[in-house]
Every structure is written in C-alpha cells, then in structure tokens.
Amino acid sequence: MINLTPLEFKDRLFIGVNVKSEHVSLPHRDTPLLNQAQKIFPVAFSSLIVGEQIHQTRIECVGTVPASPPTILPGTDGLITAVPGTALGIFTADCTAVMVYDPTTLCLGMAHAGWRGTYENILEKLVTTMITAHGVQPTDCHAVLGPAIGGSCYEISEALAEMFRIRFPFSKPFLSSAPSGKPRLDLRGLQRAQLINARIPDDHITMSSDCTHCRADLYYSYRRDGTLTGRHLTLAVLL
Ligand SMILES: [Zn+2]
C-alpha cells in the first residue's frame, strides 16, 4: 500500500544538492529544518539517500542502509531499493519527483525527471532497472508523479518540441501553443505516458495536478524564482 503523507512546515525546507565530491553531508545551514522534518518522519531521515541530480539517467540500486546519513550519490538521478528502512529522496523545483513501487517484490524506485531526463526517458530506464535488478513486473507497479510545472506554464523552444515529437510520437497531445506562439510542454502528462509505455497500468498511476509555477503559496519554482529558489524534498521509505 502506498501511504502518502503530506508534510507541512512553518518554514520551508530550503535544501538542495549540487555537489561534486562523493557521499558528502547535506549543507549544515539546513540542519534545523532537517531536524524538524526528522521528528515527523524519523525512519526516513535516519536513512536518507539522495542523488546528486545532474539531469541525466544514471540509476543506482541501494543495497544497504547507510551508517551516517544523509548520503548523496554522485552523478545519480534515479534510486532503487528493496531494503526496508532505506529512504530515497528527490529534490525538485519544477521538475517531477516520480515514485514507482512494486508491492509484490517490495521494491521502490524514485527518479528526478525534468525535460532532459524525460527526453532520455529516465522513467522507462527506472522501470527496466527494477525489472532486471529485482524481478519486478511493471503491471504490478504503482506510480506517483508529484507537483511540477504545469503544461500551461512550461514554454519550450520549437526545436525542443520537435525533438520530443520525433523521439516520442505519443508526445503530441502533451505539446500545445502558448499565447506567445511558443510551444508548451505538459511534462507530467508525457511522463505518465512514458510510464504507461513501460507497462505500468494507467489506473495504477497517481498524478498531482499542482503547478509549482502557479502556486507560489505552496511551491518553489525555478522558472518563476530563478536559481536562488529552494528545492522540495520528496521522500519515500519502505517500512
Ligand atoms: Zn502554472
């Protein structure tokens, strides 16, 4: 069973990952808020593993609970575990945090998917890796796509729209025209189609409709606020 727990903080959790060295700690400036979150979700924060998130498609299988959390895996945008008590985390601010869970093999996968990861189809790679590493059947899996920039707010170049049309013929319903004349991409809609293409049943997919760009009251947005915006942490743990 997937249990979605919304967390609300008085202050926002301003954390993110942009590191080049291996297995470094999260920045100390975030410690008070991490401690606050830790009280609400103690199991998750005692074993948190996140990827460096460089908009590529490296998937890492996590086999053991780290001794000194949190752990950052360099060059990684996707994480998989079948170890109970290991929490996987994804940072986002417009990109989508995607969770895939197989209740049969008790395997959990998470991925960070912006346009680059979506173009390289990190979600199919996540599911494929869950199949090869853990014997997962995609038809057994459930998936969740979190808040992300919505199709009405995400303008892209015509060149990029054409790249998506060519690589993913099924992407056409998720491309529209903005009033400016530029193409717009419904990133989550396309990601959902990619998950269905990877044989996860449509009715096993839960998708947030919240747009991070529109909802300044709730979410960070890289497009809206620029490089100094914070990041949301989406985390999941097998209990
Ligand atoms: Zn919006």
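Me: How many bridges join strand S2 to S4, and in which sense do they run?

Reply: This is a predicted model, to be clear. In it, S2 (residues 59-62) is joined to S4 by 4 bridges, and the two strands run parallel.

Me: Which residue is the bridge partner of Val62 in S4?

Reply: Thr81. Thr81 also stands opposite Leu108 in S7.

Me: What's the sense of the S4 and S7 pairing?

Reply: Antiparallel, over 4 bridges. S7 covers residues 107-113.

Me: Are the faces of S4 covered or open?

Reply: Both are covered. Gly78 and Ile80 are buried on one side. Leu79 and Thr81 are buried on the other. In general, side chains in a regular strand alternate between the two faces of the sheet.

Me: What's the strand order in that sheet?

Reply: S2-S4-S7-S6-S8-S11. It is an open sheet of 6 strands with mixed pairing. S2 and S11 stand at the edges with a single partner strand each, so one side of each has no neighbour in the sheet. From one strand to the next, the twist averages 15 degrees.

Me: What packs on it?

Reply: Helix H4, residues 122-134. H4 touches S2, S4, S6 and S7. The direction of H4 makes about 160 degrees with that of S7.

Me: How do S6 and S8 pair?

Reply: In the antiparallel sense, over 4 bridges. S6 is residues 96-102, and S8 is residues 142-145. Val100 stands opposite Ala143 in S8.

Me: Now the core. Which residues touch the most other members of the largest nonpolar core?

Reply: Val98, Val100, Met110, Leu123 and Ala143. That core has 53 residues. As a rule, nonpolar side chains in soluble globular proteins tend to be buried together.

Me: What is Val98 in contact with, leaving aside neighbours within four places in sequence?

Reply: Met110, Ala111, Ala113, Leu123, Ala143, Leu145 and Gln191. Gln191 is also one of the buried residues of helix H6.

Me: Which others are buried in H6?

Reply: H6 spans residues 187-197. Its buried residues also include Leu187, Arg188, Leu190, Arg192, Gln194 and Leu195.

Me: What happens just after H6?

Reply: Arg199 takes a positive phi of about 80 degrees there. Arg199 is not a glycine. Most residues other than glycine have a negative phi. Arg199 sits in the loop between H6 and strand S11 (205-207).

Me: Is Arg199 buried, exposed or partly exposed, and why?

Reply: Partly exposed, because Arg199 has 14 C-beta neighbours inside 10 Å. Buried would need 20 or more, and exposed 12 or fewer.

Me: What about Gln53: what is its phi, and where does it lie?

Reply: Phi of Gln53 is near 65 degrees, which is positive in a residue other than glycine. Gln53 lies in the loop between S1 and S2. Gln53 is buried, because 25 other C-beta atoms lie within 10 Å.

Me: Let's switch to the sheet with S1. What's the order there?

Reply: S3-S1-S5-S12. It is an open sheet of 4 strands, again with mixed pairing. S3 (71-73) and S12 (232-237) stand at the edges. Each of them has a single partner strand, so one side of each is left without a neighbour in the sheet. Neighbouring strands in this sheet are turned by 30 degrees against each other on average, direction ignored.

Me: How many bridges join S1 to S3?

Reply: 3 bridges, and the strands run parallel. S1 covers residues 48-51. Ile49 lies in S1 and stands opposite Thr71 in S3.

Me: Is Ile49 buried or exposed, and why?

Reply: Buried, because it has 23 C-beta neighbours inside 10 Å.

Me: How far is the C-alpha atom of Ile49 from that of Leu235?

Reply: They are separated by 9.2 Å. Along the chain, the two residues are 186 residues apart.

Me: Zoom out. What share of contacts between residues at least 6 apart join residues at least 24 apart?

Reply: 66% in the protein chain.

Me: And how many helices and strands, and what share is buried?

Reply: 7 helices and 12 strands. Of the 239 residues, 43% count as buried.

Notes
Residues numbered from 1 in each chain as written. Predicted model: local features only at pLDDT ≥ 70, side-chain atom pairs only at ≥ 80, totals over all residues. Pairing = 2+ DSSP bridges. Axes fitted to C-alpha atoms, helices over the stretch in contact; angles between N-to-C directions. Contact = placed C-beta atoms within 7 Å. Core = buried A, V, L, I, M, F, W, Y, C linked by C-beta atoms within 7 Å.
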